[in-house]
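Hi everyone, thanks for coming along. Let me put the model up on the screen, and then we can walk through a few of its features together.

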Amino acid sequence: MFTVEVQRAYLGALLAERLAELQQTNLQLASARLTQVQQFHNAGRAAQYDVLRAKVERANIEPLAIQARNDRDLAHLELKRILNIPVEQPLALTTALDPQAAQAFVASYLDTTVVAERPALRAAELTARSRRLAITAARAELMPTVTFFFQTGFQAFPPPGFGFPGTRGSLNAASCPAGSPAGRVCQNGGWFEDRNMGIQFSWPLFDGLRAKSALQLARAQTRIAELELRIERERVAVEVARARAELQRAKAIFDARRETATEANEAFRLASLRFSRGLSTQLEVSDAQLALLTAESSEARATIDLFLATAELARALGRPIPMPPASAQQRRTNE
């Protein structure tokens, strides 16, 4: 969740920067139109009322530009707070809002065949698997135990005269002391092989129901683990479906807002051209400029919503939280 919060704060800073740029551009357009209206007034093509209207319009836009710059600074402070960056340290965002890159950015996340790889889901699967193996281990306590053993080695007997054995052991009559009865065999004090082999079979008939209780406990723990795994799978599936639906909604709104911004830009260009030719009024240009500002602001917010929806889906799928790609202009600046 911390990565998502950082992503949210970063995107908020990007949005604040974009809105500040739009308000600054809006102020520059109003200043340019004021200059143009004053030129028309000097040439006798505009009335004093048009000049006053242009001045009032520019004066009304200037506080909005100041507020947008202040919101940008506040968004940077919030991002510094989350990242634990000193307030006095300068902050420069490495990416910019690029609507064109946003479409390619979310393409891989709209694939419905992607399987969730959440650590919690993987942990629940491994827990259920270990519980099932525990049943096998507990059932083994009820079965008989068969043990086969085999031992091999050497035994050394002291030779006559109490020396260290240095030969292979054997039994013969020559090793017997003088005066031994006929037919007696003795060891020569060497190394004799010693091998043991056997089989043990044990089956406890009564152990105070300890093994049976352990088996029942293992089965109960297995059922609990399987239920927890099923609940975790359902929770992850619902979360992924909700996040994917939110991403599809954000994608649809983004496509609509992008088309509206393109149309508003063309409408403002035509209104400005008509006004410069004396075919339209200043009011039409002002309305077109306001519509352009609204459309571009909505497009920026839709782009941010698209990135946030992508981040939420990535978190639900257990994938790394992606960052917005840098635009071509931003990459050239960084280079």
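How many aromatic pairs does the structure hold? There is one, where rings of Phe, Tyr and Trp (its six-membered ring) pair if their centres lie within 6.5 Å. The partners are F40 and F275, with 5.6 Å centre to centre and 55° between the planes, a tilted pair. For planes, under 30 degrees apart counts as stacked, over 60 as edge-to-face and the rest as tilted. The pair links distant parts of the chain, since F40 sits in helix 1 and F275 in helix 5, 235 residues apart. Helices here are DSSP runs of H or I with at least four residues, numbered from the N terminus. F40 has 12% relative accessibility, so it counts as buried, and F275, at 9%, counts as buried too. Our cut-offs are under 20% relative accessible area for buried, over 50% for exposed, and partly exposed in between, with a 1.4 Å probe and protein chains only.

A quick word on what we are looking at. This is a predicted model, where local features need pLDDT of at least 70 and side-chain atom pairs count only at pLDDT 80 or more, while totals for chains, interfaces and linings use all residues. Residues are numbered from 1 along each chain as its sequence is written, and side-chain values use heavy atoms, with hydrogens and water left out.

Back to helix 1, residues 2–42: it has 41 residues and reaches 60 Å from its first C-alpha to its last, close to the 60 Å expected at 1.5 Å a residue. That expected span is 1.5 Å times one less than the number of residues. After helix 1 comes G44, with a positive phi near 80°.

Another positive phi belongs to N84, near 60°, and this residue is not a glycine. Most residues other than glycine have a negative phi. N84 lies in the loop between helix 2 (48–83) and helix 3 (99–105). Is N84 buried or exposed? At 69% relative accessibility, N84 counts as exposed.

Now to helix packing. Helix 5 (residues 210–276) and helix 6 (residues 282–317) pack at about 160°, with axes 7 Å apart. That makes the two roughly antiparallel, the term for angles over 145 degrees. By class, their contact has 24 nonpolar, eight polar and twelve charged residues.

Last stop, L313 in helix 6. L313 is buried, with a relative accessible area of 0%. Between L313 and W191 there are 77 Å in space, C-alpha to C-alpha, and 122 residues in sequence. Thanks, everyone!

Definitions and conventions
Axes are lines fitted to C-alpha atoms, for helices over the stretch in contact, and angles run from 0 to 180 degrees between N-to-C directions. Angles under 35 degrees count as roughly parallel, over 145 as roughly antiparallel, 65 to 115 as roughly perpendicular and the rest as oblique. Ala, Val, Leu, Ile, Met, Phe, Trp, Tyr, Cys and Pro count as nonpolar, Asp, Glu, Lys and Arg as charged, and the others, Gly among them, as polar.
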